[in-house]
Each structure stands twice: as C-alpha cells, then as structure tokens.
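Open the model in your viewer and keep the selection tool at hand. Each stop below says what to select next and what is there.

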Amino acid sequence: MILPVQESRINSSFGRSVKKEAPEHDMLLENNFSNRAMISLDKFTKAFTIYPARGLKGSINSDFYEFLTMGTVPYVIGSLTLMSVFNSANKFFNVAESSKASKIGKKMALGVLFYGIMKELSKKLINTPTKWITGVDTQIPYIKVNHQLPENAEDTDLTSFEYHKVGESVEFTRWDLLYGNPKDKKALNKKFDRIAKKNGLGENLNDSDQEVKPLYKEILVKSTLARSFSSYLWAATGVALAFQKPWEEFFNAATLKFWKTDEFKHTIELLGKSLKNSLKELYNGPHNAKTGFNKHSGKALIYTAAAVTLLGLLNIANVSKKPAKVQEKDVMDKNKESVVG
C-alpha cells in the first residue's frame with residue numbers, strides 16, 4: 001500500500017476554509033454547488049483583474065495556471081462582440097433592413113447564450129451517470145496552496161491559491177488527496193473501498209487503492225472523451241434552438257424592467273411558451289418544410305447528441321482494467337509437491 005504524502009482534509013464549507021481559515025496545504029473540497037459557484041466566481045474575477053496585471057508587469061509569480069484561467073477573457077469578449085455585431089449596426093440601416101438585422105442579431109445573441117448554457121449543463125449528462133455507475137466522481141475539486149517568491153524586499157510569506165480537480169491529469173492524479181487519516185486503517189482507504197465495491201472488485205481488500213487506481217484512470221480518460229463530444233453536440237443543439245421562429249414573438253414583447261410587475265410576469269410566461277414552441281419546431285421542422293433537410297435536420301441533431309452521450313456512458317460502464325478474479329486454488333495445487341530453491 002502506498003501511503004499518502006500528507007493527511008488530506010475535507011472541508012464542507014469552501015467559504016470558511018478559504019476566507020476565514022486559509023489552508024496551509026492542498027485540501028480536498030466537496031463537489032457541491034456552493035463550492036463550484038465560489039470557485040468559478042473567484043477564477044472569473046481574477047482572470048479580469050489580478051492575473052492580467054501580474055502578467056503585464058512581468059511578475060515572477062505569474063504561471064501557466066493563471067495563463068489558462070485568463071482564457072475566459074477572450075471567450076467573454078468574443079461572445080459579447082458576436083452578440084453585438086448586428087444589433088450595433090441597426091441604426092445605419094433603413095427601417096426594413098433594420099428589422100431583419102434585429103431579428104438575426106437577437107437570435108445570434110440568444111444562440112451565444114444557449115451555446116454556453118448547453119455546453120456546461122450537458123457535461124452533467126456524463127459526470128452524474130458516471131458517478132452513479134462507477135462510483136468515481138471525476139470532478140472532485142481541491143484547493144492548491146502556492147508559496148510564492150518575494151517580489152520586493154518587504155515581501156514575506158506570499159501565498160496564492162489555485163483550484164484544480166483531483167483527476168484533471170490522468171498521469172498525475174492527486175491520489176494523496178483521496179486517502180483518509182493514515183492513523184485510522186478503516187478510514188485510510190475508505191474512498192477506494194467504496195469504488196472497489198461499486199465495481200465488483202470485492203470488499204475488505206488489503207490494498208483496494210492499488211486495485212482501483214487503474215480502473216479510476218480508465219474512467220477518467222473515457223469520461224473526458226465522452227464529455228468533449230457530447231457537450232459540443234448539445235451546444236450546437238442550443239444554437240439551433242435559438243434560431244427557431246417562435247423566439248421572434250418573445251423578442252417583440254419581452255422586457256427586462258422587473259419593476260413593471262405585470263409586463264415582467266408576461267415576459268416570463270412568454271419565455272416558457274417560446275421555449276416550448278421552439279423545441280417543437282426544432283424537432284418537427286418549420287411548418288412550411290414538408291420533406292428534406294429543413295424538415296429533419298433538427299431531429300437528427302438532437303438524436304445524434306443523445307446517441308453520442310449514451311454511447312459515451314456505455315463505453316465508460318465497460319471498464320476493461322478490472323483485475324482478473326484469480327483465486328489461490330486456481331494457481332496452487334496443494335496435492336502436488338513443490339520445491340523451494
């Protein structure tokens with residue numbers, strides 16, 4: 001058995017662990033909505049403020065993690081630019097052309113929004129069933145503590161925090177964070193014991209961690225592949241949904257003035273109605289389309305996204321790296337003599 005480098009602690013409150021009790025070493029976090037939201041907000045905020053400033057001044061503490069986190073910046077700016085391409089130019093067109101451009105611009109803006117929403121939500125179609133089927137949560141977050149180099153003479157004990165997932169690297173999975181208290185034999189391999197039992201490897205194994213690790217790695221690889229294909233297909237479905245004709249009624253009557261209660265309530269009701277009718281049109285095709293590509297393209301896209309998601313889950317469930325169930329009696333014949341040299 002390989003013991004963990006240090007005892008990992010699980011804190012159920014991300015806010016408390018970071019803001020009031022800054023961890024002294026890397027620490028596992030619960031994979032819940034509160035923690036995910038706080039991590040996303042923290043990374044998003046720093047991507048537009050601290051990390052760019054640190055990089056522009058050539059800080060020795062600016063690293064690859066910060067570079068990757070700043071990938072959010074061009075994504076957001078690009079999305080906003082795409083959303084405003086038609087809408088910003090409307091004032092230069094005549095009334096008829098402005099009306100046409102406005103319809104396209106609003107649908108394009110909705111398409112960008114639906115692309116992001118569907119891409120993120122669809123990942124749960126892989127992550128959640130994977131956890132149910134295999135017992136492996138591929139998205140467990142942890143906080144990484146970095147002790148930075150001093151940039152000025154008066155700098156002492158500079159510390160920064162990064163947010164990663166235990167299995168974001170297959171080759172360098174943070175196994176040490178999955179172990180329990182080394183002083184408690186029952187708790188030490190608790191997570192590995194649960195996964196081993198879930199996948200039929202047996203119970204009360206001497207080294208469940210060593211039995212589970214190859215299986216865990218395979219699930220990480222397969223789930224990443226499934227999530228990549230599935231999420232982009234569902235994102236494309238979201239864009240197609242945004243370009244359906246029923247949304248035009250919503251755009252014409254919608255208002256964001258929530259203080260006007262009746263009008264805002266009507267907007268919410270119209271949103272649900274437009275979404276429902278747009279889903280029907282995407283699936284069944286436009287009313288004026290009798291046959292051909294326009295009639296069946298939406299349906300084909302939905303079925304393709306669903307089929308790829310299902311195939312990905314079936315591939316994940318078919319784990320090949322389970323140890324062979326070979327028993328002692330299959331290897332040793334006690335009735336035969338043996339010589340030990």
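Predicted model: local features only at pLDDT ≥ 70, side-chain atom pairs only at ≥ 80, totals over all residues.

Residues are numbered from 1 along each chain as its sequence is written, and side-chain values use heavy atoms, with hydrogens and water left out.

**Stop one: the core**

Select V166, L178, V212 and Y216, which touch the most other members among the 24 residues of the largest nonpolar core. Such a core is a set of buried Ala, Val, Leu, Ile, Met, Phe, Trp, Tyr and Cys residues joined through side-chain atoms within 4.5 Å, where buried means under 20% relative accessible area, exposed over 50% and partly exposed in between, with a 1.4 Å probe and protein chains only. Next, colour α9 (190-198), α10 (208-242) and α13 (293-317), each of which supplies at least two residues of this core; α10 gives the largest share, six residues. Helices (H or I, at least four residues) and strands (E, at least two) are DSSP runs, numbered from the N terminus.

**Stop two: the largest pocket**

How many residues line the largest pocket? Its volume is about 2300 Å³, and of the 50 residues that line this pocket, S40, K43, E120, K123 and K165 are the closest to its centre. A pocket is an open set of points on a 1 Å grid over the protein atoms alone, where a 1.4 Å probe fits, with protein on both sides within 12 Å along at least five of seven lines, and lining residues have an atom within 4 Å of a point. Select α6 (95-122), from which the largest share of the lining comes, eight residues.

**Stop three: the second largest pocket**

Now select L110, F250, F251, A254 and L256, the closest to the centre of the second largest pocket among its 16 lining residues. This lining divides into 13 nonpolar residues, two polar and one charged, where Ala, Val, Leu, Ile, Met, Phe, Trp, Tyr, Cys and Pro count as nonpolar, Asp, Glu, Lys and Arg as charged, and the others, Gly among them, as polar.

**Stop four: Q139**

Finally, select Q139, in the loop between α7 and β3 (141-147). Is Q139 buried or exposed? Q139 counts as buried because its relative accessibility is 15%.

Note on methods
Points joined across faces, edges and corners; volume = space filled by probe spheres on them.
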